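This briefing walks through selected features of one protein structure, topic by topic. Please keep the sequence and the 3D view open while you read.

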Amino acid sequence: EQPIFSTRAHVFQIDPNTKKNWVPTSKHAVTVSYFYDSTRNVYRIISLDGAKAIINSTITPNMTFTKTSQKFGQWADSRANTVYGLGFSSEHHLSKFAEKFQEFKEAARLAKEKSQEKMELTSTPSQESAGGDIQSPLTPESINGTDDERVMPEVTQNSEPRAEPTQNALPFTHSSGKFNYSVEKRLLFLEEHSEKKLKALLESTANVKQWKQQLAAYQEEAERLHKRVTELECVSSQANAVHTHKTELNQTIQELESTLKKKEEEIEGLKQEIDNARELQAQRDSLTQKLQEVEIRNKDLEGQLSDLEQRLEKSQNEQEAFRNNLKTLLEILDGKIFELSELRDNLAKLIECS
């Protein structure tokens, strides 16, 4: 056998139990080839997945390759008692495979007819006349002919008319028996062909119903997925709002930290002023006796010192109030962070449940 045409496709077989669902026999696209056996004069479709033959189908004249979609085709093999399906990557590859199937199917039909004619010609004995003249035999081909024409038996030119009917009775009876046998054989072939056609039609009808059910299921799944996408979009919008709120809170925290830093700098400045005031107080104590003549100036300094003490006290009060406010704000912030954590957990649970 030699490969005469090859292509690549995904191979399927009908489920032997349900006779409805397709079962993939190859995990990926494999090579599918037409082979011609010159010794037996037959055409076969063969496909191998590694060392395993997943298709071994002999093409017969009663087979039919059916395109069920733009990229999928099938045919029934009565000898293997299964239905093969091929999924192609493009409509062009499917059309090319179907053309080759029809071509080799016609070649198989012609080969079968030639084989039958050869067998019938070799099985029909030659009949000789009593006078030694040869009469042409009445074979099924000469009586029935082909599908395109009918060929009547011809008598050779050298034959002479017979006067005795008993001499022609035996050959005619023998040819009539061959004719009846050929008719019965053709009727059996037609009945078998009709049964196979009916079986293939019933399988195709069942496949159409199955495909309709699968299409309805796919439509329901698509609607469910569309609703799911809509729900996820709503959840995503809520998550975006939470993210925006969190960003605002982070900005507020940064602003509060900046304000706190400024207040701490002011406190450091006030501490330095207090230290300066203490130094001035020490100098005043040590120079009280020496600076009696500058009492007025000392009074001014005392006034400044009193002012600084008031400012210090005021600053301390403000610092204490600020600390209280900051502590309250931190408590509020902790509550908000806890609420955000609970909201995040609820969203995660909602996503897991959906």
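Which side chain does the side chain of R44 join in a polar contact of 2.8 Å? The partner is N56, where a polar contact means a pair of N or O atoms within 3.5 Å; within protein, one must be able to donate a hydrogen and the other to accept it, and residues adjacent in sequence count only if both atoms are side-chain atoms. The model is predicted, with local features needing pLDDT of at least 70 and side-chain atom pairs counting only at pLDDT 80 or more, while totals for chains, interfaces and linings use all residues. Residues are numbered from 1 along each chain as its sequence is written, and side-chain values use heavy atoms, with hydrogens and water left out.

- R44 lies in strand β4, which covers residues 42–49; strands (E, at least two residues) and helices (H or I, at least four residues) are DSSP runs, numbered from the N terminus.
- At a relative accessible area of 15%, R44 counts as buried, given that buried means under 20% relative accessible area, exposed over 50%, and partly exposed in between (1.4 Å probe, protein chains only).
- Opposite R44 of β4 stands F35, and the strands β3 and β4 run antiparallel, joined by six bridges; two strands count as paired if DSSP finds at least two bridges between them.
- On the way from β3 to β4 the hairpin has four residues between the strands, and N41 takes a positive phi near 60° there.
- Strand β3 (residues 30–37) is also joined to strand β1 (residues 2–14), in this case by seven bridges and again in an antiparallel arrangement, with S6 having S33 in β3 as its bridge partner.
- Strand β3 is mostly covered, since six of its eight residues are buried.
- As a general point, side chains in a regular strand alternate between the two faces of the sheet.

**Aromatic rings**

- The count comes to 14 aromatic pairs, where rings of Phe, Tyr and Trp (its six-membered ring) pair if their centres lie within 6.5 Å, and planes under 30 degrees apart count as stacked, over 60 as edge-to-face and the rest as tilted.
- One of these pairs is formed by Y43 and F104, which are stacked with 5.2 Å from centre to centre and 10° between the planes.
- Because Y43 lies in strand β4 and F104 in helix α1, this pair ties together parts that are 61 residues apart in sequence.
- Both partners are covered: Y43 counts as buried at 13% relative accessibility, and F104 counts as buried at 6%.
- The rings of F65 and W75 have their centres 6.1 Å apart and their planes at 35°, so this pair is tilted.
- F65 sits in the loop between β5 (52–58) and β6 (66–67), whereas W75 sits in strand β7 (residues 72–77), 10 residues away, and the pair links these distant parts of the chain.
- F65 is buried with a relative accessible area of 13%, and W75 is buried with a relative accessible area of 1%.
- One aromatic cluster takes in residues including Y43, F65, W75 and F104.

**Salt bridges**

- A search of the whole structure finds six salt bridges, each being a side-chain nitrogen of Lys or Arg within 4 Å of a carboxyl oxygen of Asp or Glu.
- R109 meets E106 in a salt bridge of 2.3 Å, N to O, and both residues lie in helix α1 (residues 91–123), three residues apart, about one turn of the helix.
- R109 also meets E113 in a salt bridge of 2.6 Å, N to O, and these two residues of helix α1 are four residues apart, about one turn of the helix.
- R109 is partly exposed at 26% relative accessible area, E106 is partly exposed at 33%, and E113 is partly exposed at 29%.
- D345 forms a salt bridge with R344, with the closest N and O atoms 3.9 Å apart; D345 is partly exposed at 40%, while R344 counts as exposed at 59%.
- Salt bridges that share partners join E106, R109 and E113 into one network.
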